[in-house]
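Subject: Structure handover

Dear colleague,

I am passing on the structure below, together with notes on what turned up when I went through it. Please read the notes with the coordinates open beside you.

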Amino acid sequence: MATTEDSTAAKLEQLQKLREEALHPAGEHAVERQHERGKLLARERIELLLDPGSFVELDRYVRHRTAEFGMLENRPYGDAVVTGYGAVFGRKVFVFSQDFTVFGGSLSEVFAEKICKVMDMALKLGCPVIGINDSGGARIQEGVVSLAGYAEIFWRNVQASGVIPQLSLIMGPCAGGAVYSPAMTDFVFMVEGTSYMFITGPDVVKTVTGENVSFEELGGAATHAAKSGVAHFIAPTEQACLEDARYLVTFLPQNNAEGPPFAEPADAIDREDPDLDKLIPDNPNKPYDIKDVITRVVDDGDFLEVHERYAQNIVCGFARLGGHPVGVVGNQPRSLAGVLDIDSSVKAARFVRTCDAFNIPLVTFVDVPGFLPGTDQEWRGIIRHGAKLLYAYCEATVPKLAVIVRKAYGGAYDVMSSKHIRADFNFAWPTAEVAVMGPEGAVNIIFRDEIAEAADPEARRAELIADYRERFANPYSAAERGYVDDVIEPRRTRPVLIDALRTALPKRERRPPRKHGNIPL
């Protein structure tokens, strides 16, 4: 007769066998094929993403329930997704990682239920959720049930939006309806050469439009980083991608009810940088790199740029000032002279709203000659898209600081975190030019007749431009009216901003009672 000890030992042995089976449900051959593609396994990705030993798996023994098409003969544990929770630099996160070695990572009813469960727990407990996508799409054998599963995930993406940070790591195929979940999350990461996203694949595109296009050209990482703007970050390897995601989390709060995590700065808060005094070229039309300004001001020169390859005429990213995370926005004179166009307006508006949703203060470096003119921009809706950025800054209630480093012309001056749309502290360098338009354009309009009647029109135009530049192309007219709080030496930008940030951190603003605003989408 078996003893209690024998029975317990047998059950423990059974548990151990089930765990081993669940670790590689598709078998060693599928594991080898995944590695041959240069891709990690679902659990390997989780191990690199989370702090060592912190992962707690949930629903390890879930199995699909499909009886059709002989599916009952193949019911691997965990189905095709690994879910659970762990820590990133000691802070709790929930995670799911799709397993391409099981049914091509296709989404089934129980697959969706597992993801929905961790999303619900993340929202209830106020923790970020990180999804690792590597899936062939909906599981055809389950029909509309799999489509319902996608919709359940989409609904939760929307409920969690602006409440907890949501990160999507694309580490393989992501096609059809599956792309909408990552698109609704806060940040999308992709890996060069092994990940892609598209609504319809190359074969369908060729059938419908006649175009011949490769997977990489249609929806690869480079395409979505530079052309569509879908990908916020791209990395050369999966390991680098996972490390980038870990780094991003250090700037984000756990949820919208908390502030972003403070880190004691090693960089002196009163540090001045004399090189900033000579960074702006004497020629107002000569470009420079706004990132040189940003990295000289923020803690330790560390700047995590978002959408680095997309709409490069504006720069967005995360940094720290005096240990406090901030979202940084800056016009980039090296690209299109730093003008605002459709893509840059949408890019920056999205970033500003993300920072506002998660209580991350905004620091704006302004050097904007205006909006990009032309029929292409007008016909494609620059008015509507430019209004998105204006709306985002007006809507934001986080501390807002701005530094006008050179040009701030026309309506673009208003848009870029001006005092009039309730920025808290606005500073200007002596090189700043705050005006309706540049001296050349203003003189050509105001003094058109005088120039035409002059004995030497070009000489008279040059005189008038010099006079206009001296009188108006400076920060002091704006400072006289309080539109600029102070004109500062560039070298003092860091300590001035840190002091202003510390002053503005307790800021509280009431919003009008309403369901939500109607941003011009």
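Helices and strands, as named here, are DSSP runs numbered from the N terminus, a helix having at least four residues and a strand at least two. With that naming, N359 belongs to the loop between α12 and β13, the latter covering residues 362-368. Please bear in mind throughout that this is a predicted model.

Backbone with positive phi

Most residues other than glycine have a negative phi. Against that background, N359 has a phi near 60 degrees, which is a positive value in a residue other than glycine, and at 28% relative accessibility N359 counts as partly exposed. F89 sits in the loop between β2 (81-88) and β3 (91-98), and with a relative accessible area of 47% F89 is partly exposed.

Helix packing

Two packed helices are described by the angle between their axes and the distance between the axes. Helix α12 (residues 342-357) packs with helix α14 (residues 382-395) at an angle of about 20 degrees, and their axes are 8 Å apart. Because angles under 35 degrees count as roughly parallel, α12 and α14 are therefore roughly parallel to each other, and their crossing is left-handed. On the α12 side the contact is made by I342, S345, V346, A348, A349, V352, R353 and D356, and on the α14 side by I382, H385, G386, K388, L389, A392, Y393 and E395. Sorted by class, the residues of this contact of α12 with α14 are nine nonpolar, three polar and four charged.

The pair formed by helix α3 (residues 42-49) and helix α10 (residues 238-249) packs at an angle of about 45 degrees, with axes 9 Å apart, and α3 and α10 are therefore oblique to each other. The crossing of α3 and α10 is right-handed. R45, L48 and L49 of α3 make the contact with E238, Q239, L242, A245 and R246 of α10, and by class the contact of α3 with α10 comprises four nonpolar, one polar and three charged residues.

Nonpolar cores

In soluble globular proteins, nonpolar side chains tend to be buried together. The largest nonpolar core in this model has 60 residues, and those with the most contacts inside it are L167, L169 and F318. Leaving aside residues up to four places away in sequence, L167 touches V129, I130, G131, F187, F189, A245, L248, V249 and L252. Another core, of 32 residues, lies apart from the largest one and includes V102, A112, I115 and A178.

Around strand β15

S418 lies in the loop between α15 (410-415) and β15 (425-428), and with a relative accessible area of 2% S418 is buried. Not counting residues up to four places away in sequence, S418 touches Y413, A423 and N426. F425, which has its place in strand β15, counts as partly exposed at 25% relative accessibility. With residues up to four places away in sequence again not counted, F425 touches K400, L401, A402, K419, D485, A500, T503 and A504. F425 and K114 are 311 residues apart in sequence and 46 Å apart in space, taken from C-alpha to C-alpha.

With best regards

Technical notes. Residues numbered from 1 in each chain as written. Predicted model: local features only at pLDDT ≥ 70, side-chain atom pairs only at ≥ 80, totals over all residues. Heavy atoms only, no water. Axes fitted to C-alpha atoms, helices over the stretch in contact; angles between N-to-C directions. Parallel < 35°, antiparallel > 145°, perpendicular 65-115°, else oblique. Left-handed = near helix turned anticlockwise from the far one by under 90°. Contact = heavy atoms within 4.5 Å. Nonpolar A, V, L, I, M, F, W, Y, C, P; charged D, E, K, R; others polar. Buried < 20%, exposed > 50% of the residue type's maximum accessible area, 1.4 Å probe, protein only. Core = buried A, V, L, I, M, F, W, Y, C linked by side-chain atoms within 4.5 Å.
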